[in-house]
Amino acid sequence: MSAPTPTGRKFLGRLPLPERNYLAEALRTETVGGVLLLIAAIAALLWANTPLSHSYEAVSDFHIGPSALGLDLSVQHWAADGLLAIFFFVAGIELKRELVAGELRDPKAAALPVIAALSGMIVPALVYVLVNKTGGGSLSGWAVPVATDIAFALAVLAVIGTSLPSALRAFLLTLAVVDDLFAILIIAVFFTSDLNFAALGGAVAGLVVFWVLLRKGIRGWYVYIPLALVIWGLMYNSGVHATIAGVAMGLMLRCTRNEGEKHSPGEHIEHLVRPVSAGLAVPLFALFSAGVSVSGGALGKVFTQPETLGVVLGLVVGKAVGIFGGTWLAARFTRAELNEDLAWPDVFALASLAGIGFTVSLLIGELAFSTDPALTDEVKAAVLTGSVIAAVLSGVLLKLRVREYRALYEEEERDEDRDGIPDIYEQDDPGYHLRMAELYEAKAAEHRRLAEHAGAAREDGDGPA
């Protein structure tokens, strides 16, 4: 009797070729951006913990901008509300693409990463609440440990030299996209100040104009960039966090390809803007947000105050337990079968890596404790501490399987016929096998020629005894 056919879907299976190519390009940029992010964070810590610390505070608090438009903001404020709008614009495009052409377009396939991401946000929040309920701390920071920083996580992978298989990298990216979506909703719902309905109405009107221009096929950066700045300014003055404007505009871009298009408009714009986001906007935000005191006393408070301890445990324990537990339960109840080349400890290592919650966690920390600058800095120190612990833990776990990952990665990347398509995607293509036959025949002919030459040399006494 033949073996029964499995009824479950494949979890962490091989990606389709277009998805794999898009992922490789996106993660390449994010990895470079992540390294710059690490450099910026280290520079901020050094700047803020040396005799030059007064200059760091002076630059961060320096105000610039038209006060008549309500935009006389500090440099740090511009970084958090202005530059991060670019980051969230890219996040909006990523989300739109995932919904219409990526992992999230199929509700059945999307269920598992969405459940994993939600679990990876709910459990850290619960850990924070539990620690602060027990310790008598403030519950205002419950959202700080819920976010994952994909750029920082990829930088860690680059530093430790781990080439993850594309399925694991895709799962990490999808987690981050869903994570960003709910982080955006949290910012919009829980951190909106008193609303200015006139400004909000103007921002909405601007977004409608933006949408109409896109649908009419109007092109030209000189049209969209000024309009985007107006929308951002109105959104900022409305009381809704200004980064929401970036997300909204990103979601409006078309991310499906029409006939004859090599790239959709959303993919094209993302390709242009992502380097600006990863290489400039996010590192500058880190430079002016990560500069906190890391003296022995400050680090001691991280593990003794309920607010900061809740952040650290939320990132390190909550993220790992939430994502792994949610993934395992979702796979069990959806009957999704784990890729036979991977194991559940790989998923746990990836879940630990998702505990790196830098950019959005720092932003939410600033919003949650905006009335208490001292506690804000302590929470930032907790975010840095938790992210470092998560990075070290996940690095150790991933290193345990680095040989297996490298073998899988090399198998995915092998292109012996040099046609630009990995061989693993061409096993059903007769042309590929004919090309490989020609290559092997040419190699065989060369070896026969070398064998004849070696034999002749031996007969003439020139070869080895």
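Modeller: Happy to! In this predicted model, helix α2 (residues 53-61) packs with helix α10 (residues 265-289), their axes lying 10 Å apart at an angle of about 125°. Roughly antiparallel would need an angle over 145 degrees, and roughly perpendicular covers 65 to 115, so α2 and α10 count as oblique to each other. On the α2 side the residues that take part are Tyr56, Val59 and Ser60, and they meet Leu287, Phe288 and Ser289 of α10. Sorted by class, this contact holds four nonpolar and two polar residues, with no charged ones.

Now to the rings. A pair of aromatic rings is described by how far apart the centres are and by the angle of the planes. Searching the whole structure gives 10 aromatic pairs. Take phenylalanine 324 and tryptophan 344: their ring centres are 6.0 Å apart and their planes stand at 90°, so this pair is edge-to-face. Phenylalanine 324 belongs to helix α12 (residues 306-334) and tryptophan 344 to helix α13 (residues 344-353), so the pair ties together parts that are 20 residues apart in sequence.

Phenylalanine 324 also forms an aromatic pair with phenylalanine 348, again edge-to-face, with 5.6 Å from centre to centre and 80° between the planes. Because phenylalanine 324 sits in helix α12 and phenylalanine 348 in helix α13, this pair ties together parts that are 24 residues apart in sequence.

How open are these three side chains? Buried would mean under 20% relative accessible area and exposed over 50%. Phenylalanine 324, at 24%, is therefore partly exposed. Tryptophan 344 has a relative accessible area of 25%, so partly exposed is the word for that residue too. Phenylalanine 348 is partly exposed as well, with 31% relative accessibility.

Elsewhere, ring pairs join Trp78, Trp232 and Tyr236 into a cluster.

Among the elements of the chain, helix α7 (residues 197-215) has the highest mean pLDDT, 95, while helix α11 (residues 296-302) has the lowest, 72. The stretch to read with care is residues 1-8, where pLDDT stays under 50 and the model has five contacts beyond four places in sequence.

Terms used:
Residues are numbered from 1 along each chain as its sequence is written. This is a predicted model: local features need pLDDT of at least 70, side-chain atom pairs count only at pLDDT 80 or more; totals for chains, interfaces and linings use all residues. Side-chain values use heavy atoms; hydrogens and water are left out. pLDDT is the predictor's confidence in each residue, from 0 to 100. Helices (H or I, at least four residues) and strands (E, at least two) are DSSP runs, numbered from the N terminus. Contact means heavy atoms within 4.5 Å. Rings of Phe, Tyr and Trp (its six-membered ring) pair if their centres lie within 6.5 Å; planes under 30 degrees apart count as stacked, over 60 as edge-to-face and the rest as tilted. Buried means under 20% relative accessible area, exposed over 50%, partly exposed in between (1.4 Å probe, protein chains only). Axes are lines fitted to C-alpha atoms, for helices over the stretch in contact, and angles run from 0 to 180 degrees between N-to-C directions. Angles under 35 degrees count as roughly parallel, over 145 as roughly antiparallel, 65 to 115 as roughly perpendicular and the rest as oblique. Ala, Val, Leu, Ile, Met, Phe, Trp, Tyr, Cys and Pro count as nonpolar, Asp, Glu, Lys and Arg as charged, and the others, Gly among them, as polar.
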